[in-house]
Amino acid sequence: MSSAFSFLQIFEKTPVFLAPMAGVTDAPFREVVMSFGATAVVSEMVSSEALVRNSKKTYRRLHSNMENVLKIVQIMGANPINMAESAKINEQLGADVIDINMGCPARKIVSNESGSALMRDENLAVEIAKTVVNAVKIPVTLKMRLGWDSEHINCFSLAKKFEDIGIQMLTIHCRTRNQMYSGIADWSAIAKMRETVKIPYLCNGDIKSIADAKKALELSRANGVMIGRGALGHPWLLKQIMEQLQEGSVRTQIPSLQQQYEIIMRHFQATLDFYGEYHGLRVFRKHFCWYSSGLSGASGFRETINRVENVALAKECVRKFYENLFLK
């Protein structure tokens, strides 16, 4: 699709994005979310260093069978040259949008001066963004946090600089790096972004329901929202939020338990097809836990499914667990 036109077009309504989550938003998960509907989904974070070195694992993260959907690839690194080269490679592979990661708080990422560590070095952060923008013809967006810590809230000064060098959209996770994922995301902390930049920005952090999304938009004054952990085990949530924000009512209901069973089995099979049975089963264990959270007997089910080493037995365990629920 025409990335420039399509990317700008999505802001005609209030957009709802799926956040990039390492080890989670792989191709099978992105596809199950899009099967319900979302404005856009973002790939797992891709290391620019590994991509330039031709890492097979990294290339696999770029995979997508989705058609007529914006392909947004998030790249991460601290070397402007490698980041630019990674952006070029992704563009050649069919990416419609490049997203730069300056928000990941993980210690192993920060220790390499990547992710949210870049917010401590505004000159390097701007150099990376400018180099990437100049390297590709497709839109470049950027995800960051409020700042490194409560004493250094610099998302506003950075936002203006990013806008000036050509970044077309920002996403702000409403915590500092030092907060990691603790405490409560402060959506109101980015409200003055509306007067700081003209480019659109998304609010991210702790948006786990329709009510959360509405409140986050009200307090942040953002153009849209990005949903991360709220989508885990609830891939239909983004569609529900989109309907409420764009149409004023929700048509997509929470699937019945039988429908949820069918969803989880399709997702499981897609994961097995993508990774192979041995690795796919292990990758999907966390999804079994997320899908079953809050259901009767979930604790025992999780304990059993996390010990299963055989795909056929795993499928039988899932079938019995859900049938015991929807046949009651």
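Guide: Let's start with α12 and α13, whose crossing is right-handed. Keep in mind that this is a predicted model. Helix α12 covers residues 257-275 and helix α13 covers residues 277-292, and the two pack at an angle of about 150 degrees with their axes 8 Å apart. Angles over 145 degrees count as roughly antiparallel, and α12 and α13 are therefore roughly antiparallel to each other. On the α12 side, the residues that meet α13 are Ile 263, Ile 264, His 267, Phe 268, Thr 271, Leu 272 and Tyr 275. Their partners in α13 are Glu 277, His 279, Gly 280, Leu 281, Val 283, Phe 284, His 287, Phe 288 and Tyr 291. If you wonder about the spacing in those lists, an α-helix has 3.6 residues a turn, so residues three or four places apart point the same way.

Now set that beside another pair, α10 and α11. Here too the crossing is right-handed, but the axes come within 9 Å and cross at roughly 50 degrees. With that angle, α10 and α11 are therefore oblique to each other. Ile 210, Ala 213, Lys 214 and Leu 217 are what α10 brings to the meeting, and α11 answers with Leu 237, Gln 240, Ile 241, Gln 244 and Leu 245.

Stay with α11 for a moment. This helix spans residues 237-247, and its buried residues are Leu 237, Leu 238, Gln 240, Ile 241, Met 242, Glu 243 and Gln 244. Those buried residues pack against α10 (210-220), and also against β1 (16-18), α2 (27-36) and β9 (224-227). Just after the helix comes Gly 248, with a positive phi of about 85 degrees.

Helix α5 also has a glycine after it: Gly 94 follows, and its phi is positive, near 110 degrees.

Most residues other than glycine have a negative phi. Glu 113 has a positive one, near 65 degrees, and is found in the loop between α6 (107-110) and α7 (122-135). At 40% relative accessibility, Glu 113 counts as partly exposed. Met 180 has a positive phi too, near 55 degrees, and lies in the loop between β7 (169-173) and α9 (193-196).

One last stop is Ile 109, which sits in helix α6. At 9% relative accessibility, Ile 109 counts as buried, because the cut-off for buried is under 20%. Leaving aside residues up to four places away in sequence, Ile 109 touches Met 45, Met 76, Cys 104, Ser 114 and Gly 115. As for Cys 203, 94 residues from Ile 109 along the chain, the two C-alpha atoms are separated by 22 Å.

Notes
Residues are numbered from 1 along each chain as its sequence is written. This is a predicted model: local features need pLDDT of at least 70, side-chain atom pairs count only at pLDDT 80 or more; totals for chains, interfaces and linings use all residues. Side-chain values use heavy atoms; hydrogens and water are left out. Buried means under 20% relative accessible area, exposed over 50%, partly exposed in between (1.4 Å probe, protein chains only). Helices (H or I, at least four residues) and strands (E, at least two) are DSSP runs, numbered from the N terminus. Contact means heavy atoms within 4.5 Å. Axes are lines fitted to C-alpha atoms, for helices over the stretch in contact, and angles run from 0 to 180 degrees between N-to-C directions. Angles under 35 degrees count as roughly parallel, over 145 as roughly antiparallel, 65 to 115 as roughly perpendicular and the rest as oblique. A crossing is left-handed if the near helix is turned anticlockwise from the far one by less than a right angle, and right-handed if clockwise.
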